[in-house]
Amino acid sequence: MHGRTGPYTPLSETERDEAAAQRLNKEASGLMDSDPARSEALLRKALSADLYNGPAHNNLGVLYLKQNPPDLYQAAGEFEWARKLMPGHPDPRLNLAITLERAGRVDEAIQAYRAALEVYPDHLPSLQGLTRAQVRYAKTDDKTAAQLDQIALRGESEAWRDWARAQKLKLRTP
């Protein structure tokens with residue numbers, strides 16, 4: 001095993017198998033809902049092949065988040081890895097925000113939602129998550145009304161669009 005001491009002990013550049021990690025991550029992605037145990041095994045194998053595969057870390061975090069009960073600590077750790085390895089991608093930041101919100105760390109969650117929007121300003125799931133958290137926890141600001149307008153126009157579903165319109169009306173009501 002190349003003298004490694006654990007699954008997160010980095011391989012040397014010549015020992016990394018990026019192609020295998022990508023293939024295993026893709027296979028695991030397709031099994032996340034139907035066979036989470038197999039998916040997790042494939043993701044661990046992917047990370048053994050290439051510890052620096054950000055999508056595999058992100059997907060492993062999603063699996064931890066989907067467990068019943070969710071393993072928020074492990075999920076957050078994987079999303080942190082993915083965030084560092086995928087600097088221009090909003091998904092690890094969004095997933096970290098969801099994890100922090102579920103853990104009751106609302107201010108940190110709001111910061112993570114904002115971080116996702118910094119790397120991808122038009123990322124609708126991050127905008128929806130941020131705005132929902134601000135409304136839910138009474139942390140609205142001078143941008144919330146405009147965010148609600150965007151969701152009312154572009155929301156991922158009719159339910160999101162209806163929610164945004166209803167929240168906008170509540171903001172106007174003293």
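User: In which helix does Thr144 lie, and is Thr144 buried or exposed?

Analyst: In this predicted model, Thr144 belongs to the helix that covers residues 144–154, which is H8. Its relative accessibility is 1%, and since buried means under 20%, Thr144 counts as buried.

User: Which residues does Thr144 touch, not counting those up to four places away in sequence, and how far is the backbone nitrogen of Asp141 from a polar atom of its side chain?

Analyst: Once residues up to four places away in sequence are set aside, Thr144 touches Thr131, Gln134, Val135 and Leu171. A polar atom of the Thr144 side chain also has the backbone nitrogen of Asp141 beside it, and the distance between the two is 2.8 Å.

User: Why do the buried residues of H8 line one face of the helix, and which helices do they pack against?

Analyst: The buried residues in H8 are Thr144, Gln147, Leu148, Ile151 and Ala152. Viewed down the axis of H8, these residues fall within an arc of 140 degrees, so they line one face of the helix. In general, an α-helix has 3.6 residues a turn, so residues three or four places apart point the same way. The buried residues of H8 pack against helix H7 (124–136) and helix H9 (158–172).

User: Is Lys168 buried or exposed, and which residues is it in contact with, leaving aside neighbours within four places in sequence?

Analyst: Lys168 has its place in helix H9, and with a relative accessibility of 14% it counts as buried. Leaving aside its neighbours within four places in sequence, Lys168 is in contact with Ala145, Leu148 and Asp149.

User: At what angle do the axes of H3 and H4 cross, and what is the handedness of the crossing?

Analyst: The axes of helix H3 (residues 54–66) and helix H4 (residues 72–85) come within 8 Å and cross at roughly 160 degrees. As angles over 145 degrees count as roughly antiparallel, that makes H3 roughly antiparallel to H4. Residues making the contact include His57, Leu60 and Tyr64 of H3 and Ala75, Phe79 and Trp81 of H4. The crossing in which H3 passes H4 is left-handed.

User: How are H4 and H5 oriented to each other, and which residues of H5 do those of H4 meet?

Analyst: H4 packs with helix H5 (residues 91–102) at an angle of about 155 degrees, and their axes are 9 Å apart. The two helices are therefore roughly antiparallel to each other, and their crossing is left-handed. On the H4 side the residues are Leu72, Ala75, Ala76, Phe79, Glu80, Ala82 and Arg83, and in H5 they meet Pro92, Arg93, Asn95, Leu96, Thr99 and Arg102.

User: Where is the cis peptide bond that involves Pro69, and what is the phi of Ala138?

Analyst: Pro69 lies in the loop between H3 and H4, and a cis peptide bond, with omega about 0 degrees, joins Asn68 and Pro69. Ala138 is found in the loop between H7 and H8 and is exposed, with a relative accessible area of 68%. Although Ala138 is not a glycine, its phi is positive, at about 55 degrees.

User: How many helices and strands does the chain have, and what percentage of its residues is buried?

Analyst: The secondary structure comes to nine helices and zero strands, and the C-alpha trace spans about 65 × 30 × 25 Å along its principal axes. Of contacts between residues at least 6 apart in sequence, 47% join residues at least 24 apart. Of the 174 residues in the chain, the buried ones make up 41%.

Methods. Residues are numbered from 1 along each chain as its sequence is written. This is a predicted model: local features need pLDDT of at least 70, side-chain atom pairs count only at pLDDT 80 or more; totals for chains, interfaces and linings use all residues. Side-chain values use heavy atoms; hydrogens and water are left out. Helices (H or I, at least four residues) and strands (E, at least two) are DSSP runs, numbered from the N terminus. Buried means under 20% relative accessible area, exposed over 50%, partly exposed in between (1.4 Å probe, protein chains only). A polar contact is a pair of N or O atoms within 3.5 Å; within protein, one must be able to donate a hydrogen and the other to accept it, and residues adjacent in sequence count only if both atoms are side-chain atoms. Contact means heavy atoms within 4.5 Å. The arc is that of the directions from the helix axis to the C-beta atoms. Axes are lines fitted to C-alpha atoms, for helices over the stretch in contact, and angles run from 0 to 180 degrees between N-to-C directions. Angles under 35 degrees count as roughly parallel, over 145 as roughly antiparallel, 65 to 115 as roughly perpendicular and the rest as oblique. A crossing is left-handed if the near helix is turned anticlockwise from the far one by less than a right angle, and right-handed if clockwise.
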